[in-house]
Amino acid sequence: QVLHSLCPCSEPKAFNDSPDECELNKFDDMMALLTAEVEDFQQVLAVDRNFNIFTRLWCVAELVQAYISHIPQRVCLLSEQVLDM
């Protein structure tokens, strides 16, 4: 059973079984590099109207990694009214 379909483009796909070519396993290294190389590097979190960003594992992983790495985080909301429930 396929949980998620692959991108239909003709580009070759590289997964964790090909660690040098794979882009999935370099996330925390890239954040560490940006933190070290980019002055005042920070994460800007653009929150969608329905807060769907928090249902996406990759997005949550970015937030956690930024927190663990002490990367400053800023939150942008559509408006303060989205907080009124």
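Biologist: Which residues line the largest pocket?
Modeller: Pro12, Lys13, Ala14, Phe15, Glu21, Glu23 and Leu24. A pocket here is an open set of points on a 1 Å grid over the protein atoms alone, where a 1.4 Å probe fits, with protein on both sides within 12 Å along at least five of seven lines; lining residues have an atom within 4 Å of a point.
Biologist: What should I know about the model?
Modeller: This is a predicted model, where local features need pLDDT of at least 70, side-chain atom pairs count only at pLDDT 80 or more, and totals for chains, interfaces and linings use all residues. Residues are numbered from 1 along each chain as its sequence is written, and side-chain values use heavy atoms, without hydrogens and water.
Biologist: Back to the largest pocket. What is its volume?
Modeller: About 170 Å³, taken as the space filled by probe spheres set on the points, which are joined across faces, edges and corners.
Biologist: New topic. Is Gln43 buried or exposed?
Modeller: Gln43 is buried (under 20% relative accessible area), because its relative accessible area is 8%.
Biologist: What does Gln43 contact beyond its neighbours within four places in sequence?
Modeller: Met31, Glu62, Leu63, Ala66, Ile71, Pro72, Gln73 and Arg74. Contact means heavy atoms within 4.5 Å.
Biologist: Where is the backbone oxygen of Glu62?
Modeller: It lies 3.5 Å from a polar atom of the Gln43 side chain.
Biologist: And Leu57, buried or exposed?
Modeller: Exposed, at 71% relative accessibility; the cut-off is over 50%.
Biologist: How far apart are Leu57 and Ser69 in space?
Modeller: 18 Å, C-alpha to C-alpha, and twelve residues apart in sequence.

How values were computed: Buried means under 20% relative accessible area, exposed over 50%, partly exposed in between (1.4 Å probe, protein chains only). A polar contact is a pair of N or O atoms within 3.5 Å; within protein, one must be able to donate a hydrogen and the other to accept it, and residues adjacent in sequence count only if both atoms are side-chain atoms.
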